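Thanks for coming. Please have a look at it first.

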Amino acid sequence: MSAALQAGAFDVERIRQDFPILTRTVHGKKLVFLDSAASAQKPRAVIDAMAHCMEAQYANVHRGLHFMSERTSEAYEAVRDKVAGLINAASRDEIVFTRNGTESINLVAHSFGRALLKAGDAVVVSEMEHHANLVPWQMLRDAHGVELRIVKITDSGEVDFASLEAQFADGKVKLLAITHMSNVLGSYTPAERLCAFAHARGAKILLDGAQAIVHRRVDVQVIGADFYVFSGHKLYGPTGIGVLYARREILEDMPPFLGGGDMINSVSYTHSSWARPPHRFEAGTPAIIETIGLGAAIDYVEAIGFDAIAAHERALTEHALNMLADVPGLSVLGRAQDRGGVISFVMQDIHAHDIATLLDRQGIAVRAGHHCAEPLMGRLGVSSTARASFGVYTTRAEIDALKSGLLRVQQVFR
Amino acid sequence: MSEEMTQLYQELIMARARSPHFAGRPAAFEHHAQGENPVCGDQVEVFVGNAQVRHESRGCAILLASADLMAEAVAGKTAAEVSELHAAFEQMVETGQTNPALGDLNALAGLWEYRSRIRCATLPWAALAQALGA
Ligand SMILES: Cc1ncc(COP(=O)(O)O)c(C=O)c1O
């Protein structure tokens, strides 16, 4: 049993013991990992669950009539229940396993987009989308003739509701596809308000929860989401497993995305009929081991509790914003009221890549670049930023190390 | 300051990044080409005319210094000589082995340890090769 699970209260030092990688050194320095928004580190429980699956309980799922296949299918399907519980889906059949959040959005764009949107309908995304929630809609626009519209954000990094009103004014918008938390600015979008807004105007809504799911309790029914997507690897789970949640009535109406084994009801040489959701959307052998790893990751975060996780990250973010305010010439991008543990910044006369390289030499991992949000960089008037992001294992001392690291970077550039 | 940190960001590189000697679009030129690093959006444009190279660069210190040191190194050289220098430069940043033929360009030898940054230094050279029709 992991240290964190035994602990009653949130104890970051005990949580750190659950993550083997955090004892590593980089360039002879203690690793300070501030890039969890790109991908989070993995707790022992996830590593062990995946190893256990391969060592003790592995076969293909839904296919064999033998012991190993049945046990593996049960373990795989049990994760569907865990995901449904995590986001409070009304039914386990509303959970589709994909490769990652990107594939989940592509699935919706292909299947829902081509079958249920018509040429002339419009899709709205925001100015602060990850490429994953922009490019699939551009592809749908080019292939299928839907219109793609961009809703503005304010300078503080929040959705501009006046712009949203304007985009919806002609009644053509049938889908609002928008981030639940920006991977660049750290801002949360007001998910409930956005869902109510879209529904009142006859549109469906997709929330990109790749970042949000990690930091807060998400309840898709309370929010009112039609689609909600995320990746396992940012939630302390493995790569190769992602989730698409969609309301049952919508999934029922959607045609398959990929064809092959597991997604059919019956097949002849001339014709096939589709399985019901969610299996209709899971063609081929799924990421069995990774799905089981995701299940362990969900157990892990649920045991810590989202209230504790959110409180820890709120305190860290506040501390980080205070510390960074003390670094001369540094500006933080975005000042949203409601924000999480992702902070992008630029420094006067020092390029983000140089910041990242010089921090790396001190053992501090941050991300630098456009963060898969090139259009947003243009909107913010920068070409790239440095980004520090936090997880359950991030400590105040690491944020202090970031600040002193940045002051050292400035000395090199003086 | 730790030595590791200043190894790459040494005096010559910082000086050229801060105040380049060969920056700016010339009034007249024969060839030009642009390079962009899709990972970060950094850009360099090189102009060739009168056996001189100038550059307009937007990017990190490594890119800026590399473009400027390149412009200095290739002044007066033939296209064939430039192409030889280019190959020697790529080998030097890949391996970290300095090469007397490269002169001040050897200041970038420390890059071999920063694999993800090598492209920052080679981008101006790729743009120059393109401008020269190589
Ligand atoms: C907001 C957001 N959306 C989507 C994605 C795409 O996630 P993945 O690359 O796991 O598909 C990311 C990950 O970087 C993200 O931060």
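Start with Thr102(A): an N or O atom in its side chain is 2.5 Å from an oxygen atom of the ligand. The side chain of Lys234(A) also has an N or O atom, and that one is 2.6 Å from a ligand oxygen. For Asn100(A), a polar side-chain atom lies 3.5 Å from an oxygen of the ligand. A polar contact here is a pair of N or O atoms within 3.5 Å; within protein, one must be able to donate a hydrogen and the other to accept it, and residues adjacent in sequence count only if both atoms are side-chain atoms.

On its own the ligand has 390 Å² of accessible area, and the protein covers 89% of it. Accessible areas come from the Shrake-Rupley method with a 1.4 Å probe, and for residues only the protein chains shown count as cover.

Before I go on, some conventions. This is a predicted model, where local features need pLDDT of at least 70 and side-chain atom pairs count only at pLDDT 80 or more, while totals for chains, interfaces and linings use all residues. Residues are numbered from 1 along each chain as its sequence is written, chains are lettered from A and ligands numbered from 1 in the order in which they are written, and side-chain values use heavy atoms, leaving out hydrogens and water.

Which residues surround the ligand? Among them are His130(A), Asn183(A), Asp208(A), Gln211(A), Ser231(A) and His233(A), where a residue is near if one of its heavy atoms lies within 4 Å. By class, this shell has two nonpolar, eight polar and two charged residues. Ala, Val, Leu, Ile, Met, Phe, Trp, Tyr, Cys and Pro count as nonpolar, Asp, Glu, Lys and Arg as charged, and the others, Gly among them, as polar.

Now the interface. Chain A has 19 residues in contact with 20 residues of chain B, contact meaning heavy atoms within 4.5 Å. About 1,700 Å² is buried between chain A and chain B, and carbon and sulfur atoms give 57% of that. Buried area is the accessible area (1.4 Å probe) that two parts lose on being put together, summed over both. His353(A), Arg361(A) and Val412(A) supply 33% of what chain A buries against chain B, more than any other three residues.

How many salt bridges are there between chain A and chain B? The count is two, a salt bridge being a side-chain nitrogen of Lys or Arg within 4 Å of a carboxyl oxygen of Asp or Glu. Arg117(B) and Asp354(A) meet in a salt bridge at 2.9 Å, N to O.

Last, the backbone. Most residues other than glycine have a negative phi, and most peptide bonds are trans. The peptide bond from Pro277(A) to Pro278(A) is cis, with omega near 5°. Asp262(A) has a positive phi, near 75°.
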